Amino acid sequence: MREVSRDRIKAFITLLPSVVLIGVFVYGFIGNTVWISMTDWRGGAALSENPVKNFIGMQNYVELFSGFLDGRFRQDLVNAVYYSVLLLVGAVGIGMFIAILLDRKPRGEDFLRTVFLYPMSLSFIVTGTIWRWLLAPQGGVNLLPTYLGGKALDFQWLSSMKTVLLFDWQNLFPILLYLAAFVLILLGLGKLRRDPSRAFKHYLVPGVVLGAVVWLFGDLLPRALFMEEEHGFNLATLGIILATIWQYSGYTMALYLAGFNGISQDLMDAARLDGASDFDYYMHVAIPMLKPITISAVIILSHISLKMFDLIFAMTGPDNAATGHPALDMYLTTFRANDFAKGAAIAIVLFLVAGTFIIPYLVTSYRQRRNAR
Amino acid sequence: MARVELVNVSKRYGDVIIVPGADLEIKDNEFIVFVGPSGCGKSTILRMIAGLEPISGGEIHIGDRVVNNVSPKSRNVAMVFQNYALYPHMTVRDNMGFSLKMAKRSKSEIDEAVNRAAEVLELGQLLDRKPSELSGGQRQRVAMGRAIVRQPDVFLFDEPLSNLDAQLRTQMRRELKKLHMKLATTTIYVTHDQIEAMTLASRIVILKDGEIQQVGTPVEVFEKPANVFVAQFIGNPPMNILEGIFETSGGSPVVRAGGSVFPVPEGRVPDLAGGAPVLVGLRPDSIKMGENVERLPKEWWCRGEVVVSEILGGQSLLEIVVDDNELIAEVEGRIEAQPGETVPIGFEFDRMVLFDPETTKAIS
Ligand SMILES: Nc1ncnc2c1ncn2[C@@H]1O[C@H](COP(=O)(O)OP(=O)(O)OP(=O)(O)O)[C@@H](O)[C@H]1O
Ligand SMILES: [Mg+2]
């Protein structure tokens with residue numbers, strides 16, 4: 001008994017410095033940022049030695065989402081969503097595909113693995129500089145077709161002014177609800193085979209009802225903005241997404257390749273004897289088995305896309321509205337516009353969005369670890 | 001339902017010859033057991049039959065086909081692996097139905113086949129669990145279920161019971177035997193366990209360094225080993241092997257080994273000239289002690305000095321010296337002999353096996 005408590009004291013003393021440091025420099029500063037985001041610390045107060053900060057509640061947040069002047073933030077948020085989705089699809093898809101090719105044990109597998117992983121080791125600034133050059137309107141990628149005898153492309157990878165998939169920010173609430181309904185129905189369809197009654201009760205029926213209700217009575221929902229304001233997918237962000245996918249596909253490839261290598265030979269043999277083709281093996285055995293890796297990849301990539309800053313800075317600079325991102329907006333608002341309070345609010349919004357990705361992941365992995373014991 | 005035939009099947013990895021050339025004919029419905037020391041190529045031969053390992057030479061027949069160039073899935077063989085190789089992300093039901101799903105069978109057909117197999121193996125309650133939620137024995141059952149669902153022509157088992165504890169192994173062994181009687185499917189089974197080999201096999205194949213040493217029923221390989229290797233590999237404790245000289249002088253044929261003179265019974269007399277060197281094989285359980293000695297003919301009696309004696313429940317294991325020859329004896333009953341004591345013993349000489357010391361092959 002005494003041994004145990006002495007161990008505990010030792011453990012406590014050993015951990016104390018890091019607990020204190022993390023408490024102050026991580027959680028303390030997060031708390032401070034939350035506080036600042038609820039004040040009016042801006043303008044003159046930003047420059048004074050002893051600033052007066054008045055508590056103004058959620059006003060900064062309200063302005064960000066429905067204020068007349070903060071359209072840029074809203075477009076940046078939309079950009080961030082598209083960044084995340086396309087980066088996920090691109091990097092996971094391409095990484096998985098290369099991993100499958102390398103898992104076939106081609107000649108020179110080791111060398112190729114290094115080649116594909118190499119972009120990971122570059123800093124975003126380097127990647128950005130390389131790709132800015134590659135994506136120049138009259139060079140690089142646009143000239144590729146000419147090598148095949150075609151005509152050069154004239155797509156403006158980083159400065160296109162085109163926007164597709166437009167929607168009106170006024171209709172934010174119905175759109176979000178439709179999205180929720182869509183996700184519920186999708187989940188329900190996925191679970192239909194395993195447990196039909198649960199799938200209907202918890203997913204399909206609520207999904208369809210929610211969709212129908214929004215469709216019928218969506219007009220009664222409050223408008224998110226007093227005026228029309230259109231946002232959509234800016235084609236100029238394609239170049240940045242391309243560079244990010246290039247940099248991170250090798251990383252997902254490495255994750256999947258390690259996973260594939262960890263699958264025992266017997267399991268592959270069993271699948272072959274069961275009549276699975278190579279495609280079936282990956283489709284029905286290997287990739288589903290690596291679901292934990294897919295989840296990790298999604299979490300890691302989505303938080304990278306939310307923290308995107310230096311790559312955009314290097315490729316288009318912070319001021320190009322078409323390729324904006326909340327992280328850049330936070331920087332501009334805080335240090336260019338000296339609006340510390342609103343900058344802090346943007347930071348907190350990003351923090352919460354990242355939290356919605358990471359907290360469920362942490363909870364499930366913690367639970368899995370506890371169950372495994 | 002198929003016969004399997006290996007014709008001069010060989011396997012090389014680069015310059016290393018693993019299987020120099022195996023010939024084996026397996027009849028329909030037979031239960032063939034491969035035994036042999038670790039690394040002798042049992043799994044390799046099994047995998048070649050399954051098509052998981054390309055063969056370097058020869059021919060493999062399954063049914064009426066030569067399957068050398070037939071893909072594993074088209075050979076219609078099912079394999080059960082030592083570590084079960086269940087798909088960890090699938091339920092028991094999906095594991096068992098996977099092969100039929102790959103064969104694009106209808107859902108109702110798959111369900112029916114899975115339920116039937118689950119009934120045979122008493123897996124009904126477990127169908128919706130994942131492999132990680134099963135015990136070792138249950139996983140083993142699922143692996144067998146996955147094999148029988150497909151109704152294959154040939155079952156291949158690679159040490160399927162070796163990860164189970166002794167008690168469960170005995171139970172599963174019985175079930176395997178029943179299953180084989182019920183399904184009557186040609187089965188090839190690899191094991192390290194002598195008891196499994198003896199109890200399950202219709203014929204045992206003993207391998208050493210990739211070469212087949214003997215093929216025979218369990219009794220045949222036990223009583224009439226083809227060579228010294230088989231004699232010592234099959235049976236525990238192994239057969240006693242003594243060096244001796246065959247002699248015919250004085251009328252009845254005998255073998256002199258050490259100071260002993262063993263009479264060679266009729267029917268076991270080798271076609272050798274007098275004075276030829278031989279190896280004499282005597283099974284430990286062909287040595288009798290206590291009252292069992294008196295049931296043997298008088299000329300098979302002699303005396304031996306006990307060196308060590310161990311009592312194993314209903315049997316005793318003794319090390320005895322008979323005229324300078326050290327022998328292991330496995331005898332019925334509890335023999336409570338003190339070391340150093342001289343006791344009467346008897347040999348069942350009609351079970352004696354003689355080997356050629358040059359080739360180590362049995363002399364018939
Ligand atoms: N890929 C390979 N390359 C080279 N040699 C191999 C390879 N696979 C197996 N071997 C060799 O082939 C021989 C036979 O292996 P195999 O797995 O068939 O033995 P086994 O009889 O099943 O042994 P165990 O009882 O230990 O399972 C071994 O000596 C092994 O080292
Ligand atoms: Mg083996």
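Trainee: Which side chain meets Asp70(A) in a salt bridge?

Mentor: This is a predicted model, so read every value as computed: local features need pLDDT of at least 70, side-chain atom pairs count only at pLDDT 80 or more, and totals for chains, interfaces and linings use all residues. Residues are numbered from 1 along each chain as its sequence is written, chains are lettered from A and ligands numbered from 1 in the order written, and side-chain values use heavy atoms, with hydrogens and water left out. A salt bridge needs a side-chain nitrogen of Lys or Arg within 4 Å of a carboxyl oxygen of Asp or Glu. At 3.0 Å from N to O, the partner of Asp70(A) is Lys342(A).

Trainee: How many residues apart are Asp70(A) and Lys342(A)?

Mentor: Asp70(A) sits in the loop between H3 and helix H4 (71-103) of chain A. Lys342(A) is in helix H16 of chain A. Helices here are DSSP runs of H or I with at least four residues, and strands are E runs of at least two, numbered from the N terminus. The pair links distant parts of the chain, with a separation of 272 residues.

Trainee: Is Asp70(A) buried or exposed?

Mentor: Buried means under 20% relative accessible area, exposed over 50%, and partly exposed in between, using a 1.4 Å probe and protein chains only. The relative accessible area of Asp70(A) is 12%. Asp70(A) is therefore buried.

Trainee: Which residue forms a salt bridge with Lys342(A) at 2.7 Å?

Mentor: Lys342(A) is itself buried, at 8% relative accessibility. Its partner at 2.7 Å, closest N to O, is Glu63(A). Lys342(A) lies in helix H16 (residues 340-372) and Glu63(A) in helix H3 (residues 59-66), so the pair ties together parts 279 residues apart in sequence. Partly exposed, with a relative accessible area of 26%, is the residue you asked for: Glu63(A).

Trainee: What percentage of the contacts in chain A with a separation of 6 or more comes from residues 24 or more positions apart?

Mentor: Contact means heavy atoms within 4.5 Å. Chain A has 16 helices and 2 strands. Thr237(A), in helix H10 (residues 237-261), is one residue to look at; leaving aside neighbours within four places in sequence, Thr237(A) touches Asn79(A), Tyr83(A), Ala322(A) and Thr323(A). For chain A, the share from residues 24 or more positions apart is 72%.

Trainee: What is the relative accessible area of Thr237(A)?

Mentor: Thr237(A) counts as buried. Buried residues make up 40% of the 373 residues in chain A. For Thr237(A) the value is 2%.

Trainee: Which residues make the salt bridge between chain A and chain B?

Mentor: The interface brings 18 residues of chain A into contact with 25 residues of chain B. The rule finds 1 salt bridge across it. At 2.5 Å, N to O, the pair is Arg47(B) and Asp269(A).

Trainee: What area is buried between chain A and chain B?

Mentor: Buried area is the accessible area (1.4 Å probe) that two parts lose on being put together, summed over both. Carbon and sulfur atoms give 59% of it here. The total is about 1,900 Å².

Trainee: Where does Asp128(B) lie, and which residue pairs with it?

Mentor: Asp128(B) is in the loop between helix H3 (107-120) and helix H4 (136-149) of chain B. Asp128(B) is exposed, at 60% relative accessible area. Its salt-bridge partner, with closest N and O atoms 3.7 Å apart, is Arg93(B).
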